[in-house]
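Subject: A structure to look at

Dear colleague,

Here is the structure I promised to pass on to you, and below it you will find my notes on a few parts of it. Please keep it open beside the text as you read.

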Amino acid sequence: MNLTKPIKTAIVGFGAVAEKMHAPLIDVCPDLDLVEVVERHSNLCEQQYPGVKTFRSFKELLSQGRSELIVITTPNEFHFPMAKLALEAGKHVVVDKPITIHSWQAEELQKLASEKGLICTAFQNRRFDGDFRTIQEILQNGSLGKVHYIESHFDRFRPQPRDNWREKEVPGNGITYDLGTHLIDQICVLWGAPESITATIRKQRPQVVADDYFDIQLDYGNRLARVTAGVLVNAPTPKFLVLGEKGTYQKFGLDVQEAAFKEGRKPEGENWGLEEADKWGKVYLEEKTDSYPTLRGDYRFFYNNIAKAILPGEPLLVRLEEAIMVLKLIESAFLSSEQKKTITKSEGGW
């Protein structure tokens with residue numbers, strides 16, 4: 001492939017996530033050029049980004065398009081076949097998380113990408129949340145001493161199911177493949193592979209077909225992480241709780257970028273991703289309690305890194321082998337919940 005700069009980029013599927021997040025992030029990346037999109041029934045993307053060409057099918061894009069990077073934002077069940085076809089066509093690929101439904105599928109993509117010398121990875125934007133970056137800083141500077149426990153929540157109140165593919169009877173549906181992918185990935189970034197996993201995954205609302213609650217424990221021997229999410233939580237719960245020998249860090253509220261994207265704000269400017277001081281988390285030490293400034297959240301890091309990995313060859317910030325481990329942990333979480341047992345690293349193969 002003879003790459004041009006900026007890299008010609010296509011988005012496959014233009015639902016809410018693509019429209020509100022992927023497209024704006026690609027648009028502001030100086031080394032990427034959004035030139036094509038696959039939309040089956042509308043021309044919404046080209047209306048918002050003049051010059052973008054719309055294709056009605058993925059096959060048309062691959063046979064007639066000129067993009068060098070393909071960003072796949074379709075429902076989960078289409079991730080693997082589309083990513084495989086794109087790699088076989090010589091395209092670099094970014095796939096919205098989870099990269100595939102099954103870990104063996106991601107392993108096949110990894111082998112294919114390696115053989116062809118192409119980039120293939122998962123969109124793990126929440127590595128660049130302000131609160132998560134702040135926890136990384138706290139662990140690095142040792143302000144809490146040795147940390148023994150991390151609790152991560154993503155709770156919401158949605159008593160009525162939504163008309164969304166994630167809540168329908170389709171492969172890769174449910175909250176565990178959705179939010180669980182993010183929360184497990186964050187813990188693995190901090191602490192690596194756990195020794196074992198124990199999970200409870202449920203369908204709490206009447207007559208739902210997709211899981212809408214999970215409580216997963218990742219055991220590291222002398223450290224423990226708990227990640228949980230549900231849709232019947234109508235009271236504030238901490239987004240993060242970090243317990244160390246010297247004190248505790250507690251943080252409420254979501255990263256500010258999500259609301260900004262939903263409002264249609266463009267991801268640029270000196271205030272992008274900055275959280276107001278009254279939203280900062282707190283560090284509770286033995287003799288005092290202080291607010292701890294939240295670092296800037298910045299999803300722009302992801303696509304800037306993708307471009308630099310394709311052009312000069314900068315290392316990827318989100319690697320495919322990490323996405324594979326997360327998938328194996330999710331597979332083990334479902335097995336743990338079904339069999340009501342703890343799954344060890346050797347059993348899960350992560």
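A residue is called buried when its relative accessible area is under 20%, and Cys45, at 0% relative accessibility, therefore counts as buried. Please bear in mind throughout that this is a predicted model.

Cys29 is buried as well, with a relative accessible area of 3%. A search of the whole structure for disulfides finds zero of them. For Cys29, which is in no disulfide, the nearest cysteine sulfur is that of Cys45, and it lies 16 Å away.

The next part is strand S7, which covers residues 147-153. Six of its seven residues are buried, so the strand is largely enclosed by the rest of the structure. Five bridges join S7 to strand S11 (residues 240-244), and these two strands run antiparallel, with Tyr149 standing opposite Leu243 in S11. Five bridges also join S7 to strand S10 (residues 224-230), but here the strands run parallel, and Ile150 stands opposite Ala225 in S10.

Finally, there is the second largest pocket, whose volume is about 230 Å³. Its lining is made up of 13 residues, of which Asp155, Pro236, Thr237, Gly253 and Leu254 lie nearest the centre of the pocket. By type, the lining residues divide into seven nonpolar, three polar and three charged.

With best wishes

Conventions. Residues numbered from 1 in each chain as written. Predicted model: local features only at pLDDT ≥ 70, side-chain atom pairs only at ≥ 80, totals over all residues. Heavy atoms only, no water. Buried < 20%, exposed > 50% of the residue type's maximum accessible area, 1.4 Å probe, protein only. Helix = DSSP H or I, 4+ residues; strand = E, 2+ residues; numbered from the N terminus. Pairing = 2+ DSSP bridges. 1 Å grid on protein atoms, 1.4 Å probe; cavity = no way out; pocket = protein on both sides within 12 Å on 5 of 7 lines; lining within 4 Å. Points joined across faces, edges and corners; volume = space filled by probe spheres on them. Nonpolar A, V, L, I, M, F, W, Y, C, P; charged D, E, K, R; others polar. Disulfide = S-S within 2.5 Å.
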